[in-house]
Amino acid sequence: MNDMQNKTMLSLIHNRKSVRHFQSGDVNKEKLKEVVRAGMAAPSARDLRPWQFLIITNENTLKNLAEQLPYAKMLHDVSAAIVVMGDTTVKSPSGQSYWLQDTCAATENILLAAEALGLGAVWTALYPYQDRMSPVVEACHIPEHIVPLNIIPVGIPEGADKPKDKWEPDKIHWNAWETK
Ligand SMILES: Cc1cc2nc3c(=O)[nH]c(=O)nc-3n(C[C@H](O)[C@H](O)[C@H](O)COP(=O)(O)O)c2cc1C
């Protein structure tokens with residue numbers, strides 16, 4: 001990677017923000033697949049990739065979920081949403097499951113890919129809240145062994161949402177947790 005590409009990659013990371021205000025307009029299926037492909041490129045424990053992705057483009061389903069999920073009202077204003085899900089049956093030989101860590105990594109990749117493609121997206125939590133997971137499980141016929149981690153409305157950003165500067169040097173500890 002050359003200096004220019006490094007700069008672009010870092011700008012992308014620092015420009016990512018939760019987008020909650022959208023313009024009208026559809027996101028085409030190719031872009032949605034590209035975003036999910038980035039999700040699948042995430043690291044996962046033992047490379048087990050315990051993720052599944054559900055892309056919702058059905059208008060009725062989006063509206064129905066917007067009504068039932070108070071923290072994901074933005075579903076009213078987009079033409080697509082991605083549900084990132086973990087398969088709880090995928091385990092290491094010693095029986096460990098890392099679906100939560102792995103799907104979180106996939107989610108961050110999805111949010112970065114959306115930013116890279118000029119789209120707006122926001123992580124809205126489903127897991128661990130039963131009352132948020134249930135409407136999605138029901139509407140999308142998700143089987144019992146699959147846990148919906150979040151639902152990510154994806155759309156054309158209106159421009160009002162801006163990235164935050166979160167640089168907090170005090171949160172870095174060199175070599176040991178020194179007392180201040
Ligand atoms: C685990 C998790 C759950 C979140 N749940 C919601 C949510 O339900 N609704 C929402 O609008 N934003 C949600 N967010 C987005 C955060 O509010 C947002 O990332 C945070 O305010 C920082 O802003 P930024 O993403 O623009 O940097 C969630 C983020 C994470 C990581």
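Modeller: Helices (H or I, at least four residues) and strands (E, at least two) are DSSP runs, numbered from the N terminus. Two residues are in contact if their C-beta atoms, placed from the backbone, lie within 7 Å.

Biologist: What should I know about the model itself?

Modeller: This is a predicted model, in which local features need pLDDT of at least 70 and side-chain atom pairs count only at pLDDT 80 or more, while totals for chains, interfaces and linings use all residues. Residues are numbered from 1 along each chain as its sequence is written.

Biologist: Which residues of α5 are buried?

Modeller: In α5 (residues 130-140), they are R132, M133 and V136. Seen down the helix axis, the buried residues of α5 fall within an arc of 90°, so they line one face of the helix. The arc is that of the directions from the helix axis to the C-beta atoms. A residue is buried if 20 or more other C-beta atoms lie within 10 Å of its own, exposed if 12 or fewer, and partly exposed in between.

Biologist: Which exposed residues are on the face turned away from the buried side?

Modeller: That face of α5 carries Q130, D131 and E138.

Biologist: And what follows α5?

Modeller: H141 follows α5, in the loop between α5 and β6. H141 has a positive phi of about 55° although it is not a glycine. H141 is exposed, because 7 other C-beta atoms lie within 10 Å.

Biologist: New topic: at what angle do α2 and α4 pack?

Modeller: Helix α2 (residues 29-40) and helix α4 (residues 99-116) pack at an angle of about 145°, and their axes are 7 Å apart. Axes are lines fitted to C-alpha atoms, for helices over the stretch in contact, and angles run from 0 to 180 degrees between N-to-C directions. The contact is made by E34, V35, V36, A38, G39 and M40 of α2 together with A106, N109, I110, L112, A113 and A114 of α4.

Biologist: Last one: which residues surround the ligand?

Modeller: They are K17, S18, R20, Y71, V122, W123, T124, A125 and K164. A residue is near a molecule if its C-beta atom, placed from the backbone, lies within 6 Å of it.
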